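Visitor: I am new to this structure and would like to go through it with some questions. Please show it to me before we start.

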Amino acid sequence: MASTAFVYLVFFLLIGLPLVLVLMQVIFADVFDPTQPNLHISFGPLSRIFIVPRVYSAILHSVELASLVGVLATLLGGAFALIVQRCDIPLRKTVGVIPWIAFLTPAYLKTVAWVLLMSPGGYLSEFGLLPPLTGSLFFAFPGLALIHTLGLFPFATFIIGTALRGLGSEMEDAARLGGVPLWRVWLRINLPLLAPALALSFIAIFAQVLSDFGLASTIARMSNFNVLTYEIYAATSSYPIDFPLAGTQSLVLLLLVTLAVLVDRLLRRKDDLKLISGRSRPSRDYRLGHWRWLITGLALLVALLALFLPIGAVIIRALTRTLSDGMALHNFTLANIIEASSLHSPAFAALLNSLRYAGLGAIISCAAAVLLALQLEGPGKFMRSSVMSLALASVAIPGIVFGFGYILMWNRLPIFRDSLFPHYGDSSLLITGYVGVAVPYALIVIMAAIGQLAPSLNESAKLFGAGTFRRVMRITLPLIALSILTAFMLNFIHIMFELPVSQMLIPRTESPAPIYILRLLNYDKDGLACALSLISMLIAGGASLVLWLAFRWFAARNGAATNGKWISTPSLAGDVQ
Amino acid sequence: MTAELYCRGITKHLGGRPILQSLDLDVKAGEVVSLLGASGSGKTTLLRCIAGLIEPDSGSIVIDGKTVFGGAQPVAAEKRRIGMVFQDYALWPHMTVAGNLAFALQSQNLSASEIHTRVEHALELARLVPLRHRHPSELSGGQQQRVAIARCIAARPSLMLFDEPLSNLDAALREDMRTEMMDLVRHEGLTVVYVTHDQSEAMAVSDRIAVMRDGILAQFAPPQTLYDRPANAFVAGFIGGFSALPGCVTAHHFTPDGTTHALPVSETSDGQGFLVLRPEDARSPESHPDLCLSGRVAARAYQGRCWRLTLEIGTTRIKIDWPSGVELGQELSFSLPPDRRLIVNH
């Protein structure tokens, strides 16, 4: 009972209470009024959804954008899955890697890159590749939809690819042997069977676009295309501060995301029943003839747009003085790189801050997730699955809503406001916010790993007299070490590039790198911003690689798990250590 | 080292459903007892109650004279000194063979030299010395099973539990491993409770078999008694592929349901009952002309030494072994030896 209460308390304080406070304002508009807080019920904030043009236009814009990107990214991702898995295209493996790299590249880096590429005087207009009108079209709805689609299509590739693998080609073969033409097979057999995966992909991408803050605070803002996430931020940060409005907009955002998550859960259940079959054999490839060259060309064009062009733009901008001088030889310099990496520069200080926050946030969230997951080992399946569902739902909560909830909790509730730690306005609260966002991710990874351990492994140790602490240290932890490391790296990288919580809980001093980068962009110091982004990426990637190698070295010495395999090592005298 | 086990009135509900119903089980020191039953009969639940991995709702469990459940405070699993060979062996994948054996002993706070001696002894006994540095994933199924047993032997438990230890092995390996496993256990003189759903496995390993059905013991007896005198139709059906032919006993005569022909039996009580028919008991009609039954051949399968015929007697299908293959649909008479006319209740 105590363990159950502890798990719920942690969830409540990190996630539940901030959310409740956000939503409270929808009904109790003056609950956090700085002069006269009261609990008078008012439907004023709620009615503003329908009255204030800026509010309902943000809702419409968000839904409009999320829907279009959901369709486009599903189509593009689905096409990628199909050509990689079922077509005899050249460079098949290379094309197969494109979605993975696109998935792993930080989203706001790509955003910065597109600004550099598309703005008037940007790289594309320098090369004459951008007709004058295109730029203005780009910084509007079409541009936003394109960047989101290029960033999110990997989700669709993964989801639809898995379904395609599960489908196999036996049902298709049976129809074709019965004389049914290929187009009809796809229309009547494959597409209906893939429908749950297609819907799932649409919903996942829909929810991602709704929650996005990176594009919302850059290109969408620049284009006057207001969306919900940025409006929530604006209501809490621009004068006059309007918490009730932010609460109402958060409610709408949460409702939309919750709806998407619920449909996702329903479809997943249905999907599992329909498509998972151990009997499917590997499918035959479609022979595309000469078309295969065109198809490969199109796939590489997507790679160019989604990867090479943005990353190239960021690298070039980091190595040049001004954007307007483009790629002229005299414009190249190492000044940005040197400034971003010199120990006493504010840019490097921001990077160090982020590294510290990410390290601490990842360690605390993983430790908390391990403790929570171990607490849940004892109680029944119901408790485990309910906490797992809670964690999955928490992952879907937009970071901006979290950040807002933390402001209310730690700035307005006296019991938390007066606490010395964590304290509003300094980095301790920012790290707490990061932990709140990161714990559900870590919990999902670690609980899944513990769930895969056969209960008999612990039970046998128990029967041999091993107590709880010994079982955890010698059996459970070594067996889930790889997952703990995965959760750590996932959260470390996530926090390094996290934007909405960083923006909402920004400390008075010691700003994190993503915020510093945004600030540099606002002051037209985009060269330094790009250099700092690149160095952040390299350091985060390098740190992850070092950790991974250290783990492999440690595992090889101790026979722990790597990559799901057990490393065999000659052991010491009879292993009777 | 060996212990007696007493279970009294063990009751356990899971999800509101009764799994064990006031069950009693006594196992003598050094005895091998099998819990035999279909899935859902409660055999694994009983085993886990004995191990302390789950707690019964009521009842008492006494191991080696010490009440481990039902006394003032239940004794935790780690304090019961029980060895268990799990269905999946539960070998710790990140430890070598020797590491698996040693870890079990380190938890008992033994000295390093004592651990070393015990590990060596168990490795030698289970012929695992050449495999000592391997990890479980590098071993075959049979070798993994030997490690699981050696791990228990090294820990010198007072009681050893086996949870369907052969179910993960293929048929060819199963018999070899069964012999090898029981040799090890008998050599150490361990008290064993062995869970299985395979009656031939239970017959081969046990001193006594507890046949379980819906959380109660349907019969608890040595293998030969189960074979010769199954307590009821359920046990007869579970043991040796016996057929239970339903019918009515009237004045020392048994009439199968759906027929008019009566077979003289020694049963005295009149009423509904089942005639236990073992396939190997069928004889030619001439052998015992007064003790004949007949039925229509519904199916046949050649089995090398004989044919296994499926006969329809009235509304029931039974199986008999017969020296020749009889045409399908043909009527066949057979007789039963006088001592093989056992009538049981449901």
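Visitor: Among contacts in chain A between residues at least 6 apart in sequence, what percentage join residues at least 24 apart?
Guide: This is a predicted model, in which local features need pLDDT of at least 70 and side-chain atom pairs count only at pLDDT 80 or more, while totals for chains, interfaces and linings use all residues. Residues are numbered from 1 along each chain as its sequence is written, and chains are lettered from A and ligands numbered from 1 in the order in which they are written. Two residues are in contact if their C-beta atoms, placed from the backbone, lie within 7 Å. For chain A, with pairs at least 6 apart in sequence considered, the share joining residues at least 24 apart is 77%.

Visitor: What radius of gyration does chain A have?
Guide: The radius is taken over C-alpha atoms, and the globule rule is 2.2 Å times the number of residues to the power 0.38. Because chain A has 577 residues, a compact globule would come out near 25 Å, and the value for chain A agrees with that: 26 Å.

Visitor: How many helices and strands are there in chain A?
Guide: Both are DSSP runs numbered from the N terminus, with helices (H or I) of at least four residues and strands (E) of at least two. By that count, chain A has 26 helices and two strands.

Visitor: How many of the twelve residues of α5(A) are buried?
Guide: Helix α5 of chain A covers residues 107–118 and reaches 17 Å from its first C-alpha to its last, close to the expected 16 Å; the expected span is 1.5 Å times one less than the number of residues. A residue is buried if 20 or more other C-beta atoms lie within 10 Å of its own, exposed if 12 or fewer, and partly exposed in between, with C-beta atoms placed from the backbone. Among the buried residues of α5(A) are Tyr108(A), Trp114(A) and Met118(A). The helix is mostly covered, and its buried count is eleven.

Visitor: Which element gives the largest share of the side of domain 1 of chain A that touches domain 2 of chain A?
Guide: The domain bounds, from an automatic or database domain assignment, are 51–332 for domain 1 and 334–556 for domain 2 of chain A. In this pair, 26 residues of domain 1 are in contact with 26 residues of domain 2. Elements giving two or more residues to the domain 1 side include α5, α10 (182–211) and α14 (243–275) of chain A. The largest share, six residues, comes from α14(A).

Visitor: How far apart are the centres of domain 1 and domain 2 of chain B?
Guide: Chain B is divided into domain 1 (5–228) and domain 2 (241–344). Taken over C-alpha atoms, their centres are separated by 40 Å.

Visitor: Why is helix α1 of chain B described as largely enclosed?
Guide: Helix α1 of chain B spans residues 43–51. Its buried residues include Lys43(B), Arg48(B) and Ala51(B).

Visitor: Which element gives the most to the side of chain B that touches chain A?
Guide: Across the two chains, 33 residues of chain B are in contact with 26 residues of chain A. On the chain B side, β6 (82–85), α2 (97–106) and α3 (112–125) each supply at least two residues. With five residues, the element that gives the most is α2(B).
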